[in-house]
Amino acid sequence: MFDSDLISGVDVPEGLILRPLAASDYDHGFLKLLSQLTSVGEVSREKFTERFNSMKNTNPKAYYVVVLEEKSTNQIVGAATLVIEWKFIHEASSRGRVEDVVVDESQRGKKLGQLLNVVLVQLAKKLGVYKLSLECKDKLIPFYSKFGYKLDDGNNFLVQRFD
Ligand code: 16G
């Protein structure tokens, strides 16, 4: 999906590989992993491939989906996405959003969530965003605070849901 050099040089626990998402990850449990975060629903191989290719080919580049693959099973056991929103403001700068961070239940407690977050913060800095943000449940604020995020005093996150 993107140049793997951008996330190289990171210490990864034995037995795991850190890499960009690949189209073939449809067969390696990527969607099943995402379903541990929220509803995924029916996504056919065709739909997945179409979405993967459109994300891959954005110009300027906007999607960086990072995954952790377990070598012994070839299953995806961790994933996180950095989305780059291109702007006119701040001298035509960009803003980063960290999305869809999930670690497989069987791998919890190995600090893989921490690893994914550190990688995405480093990547966002490398890409030159002027700010990086995410949305999370109240109980996860202490976790995300460890990676430099703070509640943005005076600003609120508003949402409309269209079901
Ligand atoms: C969390 C995720 C967000 C994801 C959303 C899905 C992180 C940091 N935040 O807020 O990226 O899209 O859950 O929940 O991973 P929803 O289906 O209720 O929108």
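Good morning. I shall begin with Leu31, which, apart from residues within four places of it in sequence, is in contact with Tyr26, Val40, Val43 and Phe48. The structure shown here is a predicted model. Leu31 sits in helix H1. Its relative accessibility is 18%, so Leu31 counts as buried, the limit being under 20%. Between Leu31 and Val77 there are 11 Å in space, C-alpha to C-alpha, and the two are 46 residues apart in sequence.

From this residue I turn to the interior. In soluble globular proteins, nonpolar side chains tend to be buried together. In this model, the largest nonpolar core contains 39 residues, and those with the most contacts inside it are Leu21, Phe30, Val66 and Leu82. At least two residues of this core come from each of the following: strand S1 (16–20), helix H1 (30–34), helix H2 (45–56), strand S2 (63–70), strand S3 (75–86), strand S4 (94–103) and helix H4 (112–127). Which element gives the largest share of this core? That is H4, with 8 residues.

When neighbours within four places in sequence are left aside, Val66 is in contact with Phe2, Ile7, Leu18, Arg19, Gly78, Ala79, Ala80, Leu116, Val119 and Leu120.

The buried residues of H4 are Leu112, Gly113, Leu115, Leu116, Asn117, Val119, Leu120, Val121, Leu123 and Ala124. What covers them? The cover includes S1, S2, S3 and S4, together with strand S5 (131–133) and helix H5 (141–145). Just after H4, Gly128 has a positive phi of about 85°.

I come next to the backbone. Most residues other than glycine have a negative phi, and most peptide bonds are trans.

The peptide bond between Asn59 and Pro60 is cis, with omega of about 0°. Pro60 belongs to the loop between H2 and S2.

His90 is not a glycine, yet its phi is positive, near 50°. This residue is found in helix H3, which comprises residues 89–92. Is His90 buried, partly exposed or exposed? Its relative accessibility is 48%, and His90 therefore counts as partly exposed.

Lys111, likewise a residue other than glycine, has a positive phi near 65°. Lys111 is located in the loop between S4 and H4. With 58% relative accessibility, Lys111 counts as exposed.

Rolling a probe the size of a water molecule over the atoms shows where empty space is left. The largest pocket holds about 1600 Å³ of space. It is lined by 45 residues, of which Leu37, Thr38, Glu99, Asp100 and Val101 are the closest to its centre. H1, H2, S2, S3, S4, H4 and H5 each contribute at least two residues to the lining of this largest pocket. Which element gives the most to that lining? S4 does, with 7 residues. Divided by class, the lining of the largest pocket consists of 26 nonpolar, 7 polar and 12 charged residues.

The second largest pocket has a volume of about 840 Å³. Its lining has 24 residues, and the closest to its centre are Ser133, Leu134, Lys150, Leu151 and Asp152. S4, S5 and H5 each provide at least two lining residues of the second largest pocket. The largest share of this lining, 4 residues, is supplied by S4. By class, the lining of the second largest pocket has 11 nonpolar, 5 polar and 8 charged residues.

I shall close with Ser133, one of the residues closest to the centre of that second largest pocket. Ser133 lies in strand S5. Is Ser133 buried or exposed? Ser133 is buried, because its relative accessible area is 18% and the limit for a buried residue is under 20%. Residues up to four places away in sequence not being counted, Ser133 touches Arg95, Gly96, Arg97, Val98 and Tyr149.

Technical notes:
Residues are numbered from 1 along each chain as its sequence is written. This is a predicted model: local features need pLDDT of at least 70, side-chain atom pairs count only at pLDDT 80 or more; totals for chains, interfaces and linings use all residues. Side-chain values use heavy atoms; hydrogens and water are left out. A nonpolar core is a set of buried Ala, Val, Leu, Ile, Met, Phe, Trp, Tyr and Cys residues joined through side-chain atoms within 4.5 Å. Buried means under 20% relative accessible area, exposed over 50%, partly exposed in between (1.4 Å probe, protein chains only). Contact means heavy atoms within 4.5 Å. On a 1 Å grid over the protein atoms alone, a cavity is a set of points where a 1.4 Å probe fits but cannot get out, and a pocket is an open set with protein on both sides within 12 Å along at least five of seven lines; lining residues have an atom within 4 Å of a point. Grid points are joined across faces, edges and corners, and a volume is the space filled by probe spheres set on the points. Ala, Val, Leu, Ile, Met, Phe, Trp, Tyr, Cys and Pro count as nonpolar, Asp, Glu, Lys and Arg as charged, and the others, Gly among them, as polar.
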